[in-house]
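Look over the sequence and the model first, then read the points below.

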Amino acid sequence: MNFNLNQLPNRTKKPRTHGLTMVMDKGLSVEEARNFLSVAGPHVDILKLGFGTSFVTPRLREKIELYQSHNIPVYFGGTLFEAFLIRNQLDEYIKVIKEYGITYMEVSDGSVTIPHAEKCGYIEKLSKLGLVLSEVGSKDAEHIIPPYKWIELMRAELNAGATYVIAEARESGNVGIYRGSGEVREGLVQEILTQIPEEKIIWEAPQKAQQLYFLELVGCNVNLGNLAPHEVIALEAMRIGLRGDTFHLFLNKEA
């Protein structure tokens with residue numbers, strides 16, 4: 001940090017196992033990615049190349065290697081996994097992962113219906129190749145999953161070999177754990193946390209109000225995902241009480 005302040009919360013240090021900030025790159029150029037890393041690199045833990053953008057991204061290998069050179073693991077969005085899967089090209093997907101030196105993989109079923117036992121089989125298979133993040137929750141706003149089912153799915157996917165489960169919200173933050181307005185489904189979130197360890201969940205939270213909710217509920221070291229690159233510094237400041245929304249959250253009020 002640039003100067004000393006007391007009464008700041010204990011932030012985990014990189015490489016983190018919790019307190020993660022996962023950023024979604026939806027099409028940065030290599031030059032933009034380099035500029036982004038010059039500012040935010042120390043605060044980024046995982047980088048997702050959103051949905052299927054990696055298929056059409058120029059200089060893909062160069063960009064992946066740039067992120068990796070900053071010790072930031074890169075993975076392809078779950079939509080790309082599903083695109084390979086629905087075309088019966090899982091072996092080709094694995095070949096691509098290896099070719100690009102990707103060691104983090106997302107297994108999702110937001111666009112394709114996959115029997116859950118089959119999904120867990122893919123998690124088990126891919127976990128032998130690296131770290132698996134499995135996404136739970138539908139991208140369809142009309143498909144409401146009850147809390148007990150979220151818990152059941154998350155538990156099974158962690159048991160199958162996923163290191164983290166991702167609570168679905170899309171990049172817009174208006175499905176899954178959120179209502180169409182972006183408001184948090186608080187009862188759902190709090191029920192999940194009674195059964196699933198918070199350090200194993202990455203909450204997709206692209207909107208500031210959503211980030212604030214989880215910081216207040218879980219603390220500064222909550223795992224947050226789907227951050228836009230330009231929001232990383234602002235989030236890190238908010239995590240440690242240096243933004244108006246969280247200014248009093250970590251202060252010793254008795255002092």
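Among contacts between residues at least 6 apart in sequence, 71% join residues at least 24 apart. This holds for a predicted model. Its chain comprises nine helices and eight strands. The radius of gyration is 18 Å, close to the 18 Å given by the globule rule for 255 residues, so the chain is as compact as a globular protein of that length.

**Extent and surface**

- Taken along the principal axes, the box filled by the C-alpha atoms is roughly 60 × 45 × 30 Å.
- Of the 255 residues in the chain, 51% are buried.
- The chain exposes about 12,200 Å², and 52% of that area is supplied by carbon and sulfur atoms.

**Charge**

- The chain carries 27 positive and 32 negative side chains.
- The centres of these two sets lie 3 Å apart.

**Nonpolar cores**

- The largest nonpolar core holds 68 residues, of which Phe36, Ile177, Trp203 and Phe214 touch the most other members.
- Helix H6 (residues 147-160) gives this core its largest share, six residues.
- Another core, of 10 residues, lies apart from the largest one, and its members include Leu20, Tyr75, Leu131 and Leu133.

**Around Trp203**

- Leaving aside residues up to four places away in sequence, Trp203 touches Ala167, Ile177, Val189, Ile192, Leu193, Phe214, Val222, Asn223, Leu224 and Gly225.
- Two of these partners, Ile177 and Phe214, are named with Trp203 among the core residues that touch the most other members.

Conventions
Residues are numbered from 1 along each chain as its sequence is written. This is a predicted model: local features need pLDDT of at least 70, side-chain atom pairs count only at pLDDT 80 or more; totals for chains, interfaces and linings use all residues. Side-chain values use heavy atoms; hydrogens and water are left out. Helices (H or I, at least four residues) and strands (E, at least two) are DSSP runs, numbered from the N terminus. The radius of gyration is taken over C-alpha atoms; the globule rule is 2.2 Å times the number of residues to the power 0.38. Buried means under 20% relative accessible area, exposed over 50%, partly exposed in between (1.4 Å probe, protein chains only). Contact means heavy atoms within 4.5 Å. Accessible areas come from the Shrake-Rupley method with a 1.4 Å probe; for residues, only the protein chains shown count as cover. Lys and Arg count as positive and Asp and Glu as negative; His and the chain ends are not counted. The place of a charge is taken as NZ of Lys, CZ of Arg, CG of Asp or CD of Glu. A nonpolar core is a set of buried Ala, Val, Leu, Ile, Met, Phe, Trp, Tyr and Cys residues joined through side-chain atoms within 4.5 Å.
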